[in-house]
Amino acid sequence: MAWNTNLRWRLPLACVLLEVAMVILFGVFVRYDIEADPHWPEEKKHRNIASDSENDFYYRYPSFQDVHVMIFVGFGFLMTFLQRYSFSAVGFNFLLAAFGIQWALLMQGWFHHFQDGYILLSVESLINADFCVGSVCVAFGAVLGKVSPVQLLIMTLFQVTLFTVNEFILLNLLLVKDAGGSMTIHTFGAYFGLTVTWILYRPNLQHSKEKQSSVYYSDLFAMIGTLFLWMYWPSFNSAVSNHGDAQHRAVINTYCSLAASVLTAVALSSLLHRKGKLDMVHIQNATLAGGVAVGTAAEMMLMPYGSLIVGFIVGIISTLGFVYLTPFLESHMRIHDTCGIHNLHGLPGLVGGIVGAVTASAASAEVYGHEGLVHAFDFEGVKSNRTTVVQGCFQAAGIFVSLAMALVGGCIVGIILKLPFWGQPADENCFEDDIYWHTPETPENLNYRPEDRAPKPTTS
Amino acid sequence: MAWNTNLRWRLPLACVLLEVAMVILFGVFVRYDIEADPHWPEEKKHRNIASDSENDFYYRYPSFQDVHVMIFVGFGFLMTFLQRYSFSAVGFNFLLAAFGIQWALLMQGWFHHFQDGYILLSVESLINADFCVGSVCVAFGAVLGKVSPVQLLIMTLFQVTLFTVNEFILLNLLLVKDAGGSMTIHTFGAYFGLTVTWILYRPNLQHSKEKQSSVYYSDLFAMIGTLFLWMYWPSFNSAVSNHGDAQHRAVINTYCSLAASVLTAVALSSLLHRKGKLDMVHIQNATLAGGVAVGTAAEMMLMPYGSLIVGFIVGIISTLGFVYLTPFLESHMRIHDTCGIHNLHGLPGLVGGIVGAVTASAASAEVYGHEGLVHAFDFEGVKSNRTTVVQGCFQAAGIFVSLAMALVGGCIVGIILKLPFWGQPADENCFEDDIYWHTPETPENLNYRPEDRAPKPTTS
Amino acid sequence: MAWNTNLRWRLPLACVLLEVAMVILFGVFVRYDIEADPHWPEEKKHRNIASDSENDFYYRYPSFQDVHVMIFVGFGFLMTFLQRYSFSAVGFNFLLAAFGIQWALLMQGWFHHFQDGYILLSVESLINADFCVGSVCVAFGAVLGKVSPVQLLIMTLFQVTLFTVNEFILLNLLLVKDAGGSMTIHTFGAYFGLTVTWILYRPNLQHSKEKQSSVYYSDLFAMIGTLFLWMYWPSFNSAVSNHGDAQHRAVINTYCSLAASVLTAVALSSLLHRKGKLDMVHIQNATLAGGVAVGTAAEMMLMPYGSLIVGFIVGIISTLGFVYLTPFLESHMRIHDTCGIHNLHGLPGLVGGIVGAVTASAASAEVYGHEGLVHAFDFEGVKSNRTTVVQGCFQAAGIFVSLAMALVGGCIVGIILKLPFWGQPADENCFEDDIYWHTPETPENLNYRPEDRAPKPTTS
């Protein structure tokens with residue numbers, strides 16, 4: 001493969017055309033929600049609200065900012081672990097997320113916040129746009145190092161669209177609950193990304209195994225991503241839950257589950273190494289599985305010990321996946337998953353969907369109180385006759401719908417991305433910043449760097 | 001130039017004298033605002049406030065913390081991109097900001113929160129102090145690598161003073177709106193810094209071009225700064241807006257504008273490189289221009305598409321500035337702008353001032369509602385007769401006042417900083433941590449580092 | 001010493017056994033507080049609360065997230081400064097904190113939130129668990145590089161237990177105030193850690209002095225930790241203060257104190273170096289002393305100038321400690337304190353306890369108002385007869401109790417950790433990631449790294 005990877009016209013054109021489209025569509029469709037509109041003081045009187053603190057902004061803004069950090073610093077730095085691909089990891093993630101949130105505001109707006117011909121934006125729209133882009137960041141992990149930024153923009157365009165359709169089917173047709181997105185974000189994002197990378201499979205990448213490994217500082221940069229994801233995951237799973245106890249509970253459950261998966265990820269990482277040594281890949285990824293796996297059930301009465309059990313199990317599953325499943329997928333199924341998203345988002349996402357379905361089925365008026373149960377599962381209007389067991393079945397159906405959308409959508413998008421004019425790198429240029437970035441030249445005054453002042457080690 | 005750069009007495013004396021002055025002035029002048037005073041419960045009863053959630057602390061504290069991160073981690077790490085000046089970038093930014101916020105609390109307190117002989121502090125004071133220091137961090141970017149920490153403390157002392165006077169003229173005499181500080185922070189800070197660096201011009205710095213470039217990891221550290229600035233900019237532009245819809249709207253507008261400028265910055269960066277490669281300098285800086293350029297108008301009815309348009313345009317302007325204007329300023333106008341603040345804060349700040357003036361002029365009771373218009377522009381008391389067009393003219397006047405203050409103030413401060421006893425580095429020591437920092441010696445056991453264990457590459 | 005450091009069975013067993021214990025104990029004891037329970041809507045009606053914004057979640061969640069960042073990124077990265085121990089610093093801190101918060105939820109739950117046989121969790125429980133683990137992170141700094149992760153888990157198990165007992169004695173028996181934990185977290189944590197490292201003293205570590213130093217980038221990573229600790233410390237000291245003015249005031253005081261200690265830390269660092277150069281160790285640590293030293297008094301009427309004075313003094317004490325006391329402790333008292341926690345947490349913690357005692361003694365109804373004084377010091381119920389002077393004496397007693405618990409507890413735990421089967425490293429493997437981590441191999445294609453492309457410097 002010797003495609004032309006010069007992006008001089010392709011990337012600027014893609015960016016400018018997409019952004020012009022955004023401007024036009026925003027101009028036609030996007031306005032402010034009443035809570036962000038100067039008529040808010042009148043609305044307050046009208047709805048008899050005494051205080052600005054009732055503006056949804058104050059309930060959700062701190063969570064929004066945490067989610068925002070997860071998308072841009074969390075995912076961006078998590079993927080810097082490759083030794084010569086850190087600029088691309090953090091830079092392309094920045095680019096696709098900045099485009100994706102705009103397109104998601106439109107898509108989710110048309111499906112969820114469309115009134116009288118206008119999309120009405122509020123802080124909740126911003127959170128949901130970040131969530132949607134989160135699924136693209138997940139998929140990016142599977143193709144990291146093997147695609148051009150133009151391909152990523154195309155993938156983002158399609159994936160956001162499919163995400164929104166899938167989300168609409170789950171939340172508005174099946175009427176499932178998925179506040180932290182185990183199904184809509186993680187399962188969908190992971191299997192979509194895996195399907196794309198399967199379509200784009202390059203058989204010759206085993207020659208560049210050394211470029212697919214990390215170096216000391218790239219691993220340390222990746223820990224910045226890991227820790228911000230880990231710390232802010234409680235905000236992620238609670239950001240769009242109902243005000244009050246639901247947000248509060250989602251935070252507690254996610255905190256517990258994440259803590260448990262750290263312990264089992266460390267345990268398995270040590271156990272599976274010949275000399276009991278820890279592997280940074282597991283610490284960077286499997287410790288986060290607990291957050292994914294309580295995405296659906298965090299706002300439900302999962303109970304703190306239930307959260308610990310979920311975190312316990314997925315910490316193990318995820319680490320096992322890194323050690324055994326990822327090499328198998330690559331060697332036997334032609335699925336090359338650069339970041340191991342199947343272990344961090346795929347399997348834990350499925351577990352999360354199942355845990356959500358079981359927890360919903362097991363809900364009862366005894367545990368939630370009658371009012372609490374109706375409130376927690378929206379058993380009103382069209383759902384007023386639904387029992388918790390039926391809700392659990394619909395939850396389970398949501399998993400399969402997400403999987404189906406991901407596999408079918410991933411195939412189509414993968415084929416589109418295979419077209420030979422998107423500037424994709426040749427095999428020998430994969431996992432290399434140099435092909436898309438003007439990387440720093442070595443200064444001639446290397447002797448100013450203390451590292452080089454020392455006498456060269458005599459042992460080497 | 002072979003000045004004495006030993007700071008052993010100068011820096012300690014400067015720090016201790018300034019801090020002692022702070023202690024004395026705080027002792028004489030500074031007290032707590034009623035919302036931070038133990039008499040708050042009585043005040044609540046007095047003002048018939050039912051809940052502690054009405055304490056301004058809960059409306060503003062999350063935004064404050066985000067702004068705080070922008071000043072210390074955002075600006076600090078953004079400037080670590082130089083290959084051997086990262087300690088100074090992050091360390092001196094820390095020092096000047098820590099001093100600057102104290103002095104700003106006093107200066108802004110005297111001008112804005114002075115009651116019965118006392119300055120009354122609240123969380124809003126802390127935000128405004130951080131804002132004020134933000135303009136010093138901007139100016140620091142222009143002189144980065146060429147001044148001593150003593151000079152930076154002196155510059156901070158004067159710049160905070162001038163900032164506060166300028167802010168007073170704009171907000172209290174011209175009665176303009178500038179919640180995100182396009183004029184007061186960015187325009188003022190940038191042109192002040194550029195004037196200072198013009199006065200301090202060193203013709204021989206082209207010999208150290210290699211030291212003014214980055215290396216791989218220094219660029220990656222700088223991305224930490226970039227991303228925290230980018231992510232938290234919505235908090236910056238909304239932090240002191242009115243409660244309710246204004247804060248909410250400012251967040252939405254800033255979010256949109258920033259997203260757009262990422263796309264156009266990437267587009268231009270690729271377009272302007274011979275092989276279409278991206279330049280980290282543009283990704284680190286021009287992506288932020290959207291936040292600067294909606295600083296004034298973010299809380300107004302700029303509309304989401306208006307924000308996209310602003311971000312679109314300044315992303316282009318800023319990248320063009322880096323490619324064409326910065327080299328021109330250096331070669332033809334003796335203005336050496338280390339970080340390119342003219343492109344990130346200067347030009348986008350001017351755009352922001354203009355956008356603010358236009359948006360204010362175009363405001364109408366139809367769009368804002370009558371009550372909303374009065375509330376948004378404080379058309380009460382002395383301003384009760386002001387029309388939106390007049391407001392727009394005053395906004396425009398604010399740009400020129402800020403520019404004038406920056407140029408005149410920058411000249412004076414530049415001349416003061418030129419005095420030969422502040423410990424400034426010689427030309428050949430510019431952009432070098434070694435002169436002011438005890439940098440780590442190379443350990444003799446370099447062979448412990450895995451990087452050195454490998455056989456040396458045969459190709460070099 | 002040639003102990004067996006293979007952790008293959010020890011570490012997995014320790015992690016899994018501890019986590020299974022957590023699951024069982026959580027299953028038996030832990031439930032949700034009413035504010036995180038689906039019965040919250042009923043409770044709201046019952047307590048006549050109009051709005052969800054009265055749920056404690058919205059008062060404390062932003063502070064909680066900041067504290068969470070301090071524990072995991074703050075402490076984790078602060079300790080990455082060692083040149084070859086960064087994986088362990090950030091990774092083991094992650095492990096011990098993830099276990100510690102679970103055990104702290106149980107311990108503190110039994111002592112403070114135990115109702116009808118159940119521990120009831122809320123966001124305040126999460127904050128307190130993070131606080132408790134903070135004291136373990138402090139102690140980790142003393143033994144950094146010299147213990148195995150198994151030892152750290154054992155230390156965490158015991159230290160969390162002792163912390164909770166000490167906290168119970170102070171807060172519930174002596175009825176002292178210590179919202180920011182100068183005594184309970186910093187004094188206790190530091191002297192506990194110092195006692196443990198004294199017991200574990202290894203006389204031969206002076207041979208590995210070079211491994212105990214930093215390199216350029218490890219120092220820069222450590223600054224990430226420093227800055228997040230510094231920026232979020234106002235949240236730390238205010239997180240569990242009373243709603244309203246107390247939280248507000250604690251933030252202002254901490255902000256001021258931290259700013260002052262930056263100035264004096266820089267002053268002393270320069271003054272104590274032969275050529276006036278700054279030392280990164282002081283900038284990384286002594287700048288934070290101001291936060292520790294107002295931990296007890298931040299919510300009291302310390303006054304802004306009082307905060308500046310405290311920060312001023314401890315910035316000096318802390319830097320002096322690094323220069324003179326740490327070497328003395330190591331050479332004369334067999335106390336090897338890797339991170340210098342005595343200077344950052346020990347001495348400033350003692351100062352904080354004293355400042356708290358003095359500030360409490362000096363409290364009066366004139367300054368606080370009668371209602372404010374009762375509210376600030378809980379002078380109700382069993383404390384209704386306590387005067388402020390008596391309160392001050394109890395505060396002072398709290399310092400001695402914390403010290404006693406730390407010294408006795410540290411001896412016992414140190415002796416337990418000395419048992420020869422915890423996988424501790426041999427002297428020659430201390431401060432080395434390689435022994436516990438699968439560190440990245442050097443790739444053969446080193447020539448892909450621009451740093452190596454340049455001609456070798458001719459001067460070396």
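These legends describe close-up views of a predicted model. Local features need pLDDT of at least 70, side-chain atom pairs count only at pLDDT 80 or more, and totals for chains, interfaces and linings use all residues. Residues are numbered from 1 along each chain as its sequence is written, and chains are lettered from A in the order in which they are written.

**View 1. The side of chain B that touches chain A.** Here 69 residues of chain B are in contact with 70 residues of chain A (contact: C-beta atoms, placed from the backbone, within 7 Å). α9(B) gives the largest share, 16 residues (helices: DSSP runs of H or I, at least four residues, numbered from the N terminus). This side of chain B comprises 34 nonpolar, 19 polar and 16 charged residues (nonpolar: Ala, Val, Leu, Ile, Met, Phe, Trp, Tyr, Cys and Pro; charged: Asp, Glu, Lys and Arg; polar: the others, Gly among them). Only 10% of the interface residues of chain B are also interface residues in chain A, so the copies meet through different surfaces.

**View 2. The axis relating chains B and A.** Chain B superposes on chain A by a rotation of 120 degrees with 0.0 Å of shift along the axis (RMSD 0.0 Å). That is the relation of a three-fold axis. In chain B, the C-alpha of P62(B) is nearest the axis, at 3.6 Å.

**View 3. Helices α4 and α5 of chain C.** The contact between α4(C) and α5(C) includes L96(C) and G100(C) of α4(C), and A129(C) and V133(C) of α5(C). Its residues divide into eleven nonpolar, six polar and one charged.

Notes: Two residues are in contact if their C-beta atoms, placed from the backbone, lie within 7 Å. Helices (H or I, at least four residues) and strands (E, at least two) are DSSP runs, numbered from the N terminus. Copies are superposed by least squares on the C-alpha atoms of residues with pLDDT of at least 70 in both. Axes are lines fitted to C-alpha atoms, for helices over the stretch in contact, and angles run from 0 to 180 degrees between N-to-C directions.
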